[in-house]
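Q: I would like to learn how to read a structure feature by feature. Please take me through one.

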Amino acid sequence: MKLPRRRFLQLAAGAVALPAVARTAVAQNYPTRPIRLVVPFPPGGAFDALGRPWAEKMKPLLGTVFVENIGGSGASLGAAAVARARPDGYTILLGGTLPHVNEALLKNRPLYDPVKDLDPIVAVAANFIGIAVNPSVPAQTLGEFIAYAKANPGKLSYGHAGIGSTNHLTGELFKLLAGTPEIVQVPYRGMGPALTDAIGGQIQMATPGITGQVLEFHRSGRLRVLAVTSPKRLAAAPEIPTAAEAGLPGLTVTASLGLLAPSGTPTAIIEQIAQATRTVVAEPPFKQMLIDAGIEPTPDSSPEKFRQSLAADVALWAPIVQALGLKVD
């Protein structure tokens, strides 16, 4: 039976609109069950130090958020798990610079496309990297450590959070700028295990994201942070010079940390999570908690601003990755 053209077009339009209507209904009822926040590293690093307090603060705004640590492959395993999840707002990623740069620049066979498979929600904070050494290393300044490394070629090693991580890239950039190519890099499944070995003396140097825990290790004498990669001294640790102040102006590295969702997540849900996050980041106690942890809050972020920031990060690291010839597969 042939339908009149007008009736056919009405039915076709209705069919096309159904998914949008369904997505709108889902967004209006969101959330109705706990939200899963994937932190793509084992417990103990900067991502975990931000993710767990954020999840706790979301309870009155979004309900229960449980944190799942999925470490491995420089954050790729956890990020890929989110990229493959249902785009319904119930699985989100605490990602940022590191996973985007990793998949966009360092993989011949990426596990996911960071641009096409993940939708930015909001940046939460910016983290910076420290150049930290075991206290047994006879160096009180970054310059002294560089001289010591040059005097002991092949005898020093440094630990990082995994091949392709921002910690790894920063360590390799440090070696390039300092002229110390023979410092051996040792990859770990996250920064927590690397810090444990740096404190224990199994490795001489580490490149951790600055957190309250790292600053406590520094102040208690268990680690010595020689410099940080921030553009200016951290309010939480003004005694630690920047790498630029210590003689390496090219070692200014900012790593954004923020939330992302599987591609196709309804815009209303994206904005609901973003607004809840902006509300929390603007609260003085939460903001001060970030500052005390050495993390710079990002109070005015949005999905589009975060998207642009991540694109800029990839553009920044692209020539450096090419110069280093790094690939992780």
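The dialogue below goes through strands, helices, rings, charges and single residues.

Q: What kind of model is this, and how are residues numbered?
A: This is a predicted model: local features need pLDDT of at least 70, side-chain atom pairs count only at pLDDT 80 or more, and totals for chains, interfaces and linings use all residues. Residues are numbered from 1 along each chain as its sequence is written, and side-chain values use heavy atoms, with hydrogens and water left out.

Q: How do I read a sheet, and in which order do the five strands of the open sheet come?
A: Start with the terms. Helices (H or I, at least four residues) and strands (E, at least two) are DSSP runs, numbered from the N terminus. Two strands pair if DSSP finds at least two bridges between them. Here five strands form an open sheet with mixed pairing, in the order 7-6-8-5-9. Its edge strands are strand 7 (184–187) and strand 9 (224–228), and each pairs on one side only. Strand 6 (residues 157–160) and strand 8 (residues 205–206) run parallel, joined by two bridges. Tyr158 stands opposite Met205 in strand 8.

Q: Which strands does helix 7 touch?
A: Contact means heavy atoms within 4.5 Å. Axes are lines fitted to C-alpha atoms, for helices over the stretch in contact, and angles run from 0 to 180 degrees between N-to-C directions. Tyr158 and Met205 face each other across strands 6 and 8. Helix 7 (residues 166–178) packs on the sheet and touches strand 5 (130–133), strand 6, strand 7 and strand 8. The direction of helix 7 makes about 150° with that of strand 6.

Q: Is strand 3 buried or exposed?
A: Buried means under 20% relative accessible area, exposed over 50%, partly exposed in between (1.4 Å probe, protein chains only). Six of the six residues of strand 3 (residues 91–96) are buried, so the strand is largely enclosed by the rest of the structure. Thr91, Leu93 and Gly95 point one way, while Ile92, Leu94 and Gly96 point the other way.

Q: What pairs with strand 3?
A: Strand 1 (residues 35–39) pairs with strand 3 in the parallel sense over three bridges. There, Arg36 stands opposite Thr91. Strand 10 (residues 254–262) runs antiparallel to strand 3, with four bridges. Gly258 in strand 10 is the bridge partner of Gly95.

Q: How many residues of helix 5 are buried, and what do they pack against?
A: An α-helix has 3.6 residues a turn, so residues three or four places apart point the same way. In helix 5 (residues 97–105), eight of the nine residues are buried. Among them are Thr97, Pro99 and His100. The buried residues pack against helix 2 (46–57), helix 4 (76–83), strand 3, helix 7, strand 10 and helix 12 (303–324).

Q: How do I read an aromatic pair, and how many are there?
A: A pair of aromatic rings is described by the distance of the centres and the angle of the planes. Rings of Phe, Tyr and Trp (its six-membered ring) pair if their centres lie within 6.5 Å; planes under 30 degrees apart count as stacked, over 60 as edge-to-face and the rest as tilted. A search of the whole structure finds three aromatic pairs. In one of them, Phe145 and Phe174 have ring centres 6.3 Å apart and planes at 25°, so the pair is stacked. Phe145 lies in helix 6 (residues 142–151) and Phe174 in helix 7, so the pair ties together parts 29 residues apart in sequence. Phe145 is buried, at 0% relative accessible area. Phe174 is buried too, at 0%.

Q: How many salt bridges are found, and what does Arg33 do?
A: A salt bridge is a side-chain nitrogen of Lys or Arg within 4 Å of a carboxyl oxygen of Asp or Glu. The search finds 13. Arg33 and Asp88 meet in one (3.2 Å, N to O). They sit 55 residues apart: Arg33 in the loop between helix 1 and strand 1, Asp88 in the loop between helix 4 and strand 3. Arg33 is partly exposed at 44%, whereas Asp88 is buried at 12%.

Q: Where is the cis peptide bond?
A: Most residues other than glycine have a negative phi, and most peptide bonds are trans. The bond from Tyr30 to Pro31 is cis, with omega near -10°. Pro31 lies in the loop between helix 1 (5–29) and strand 1.
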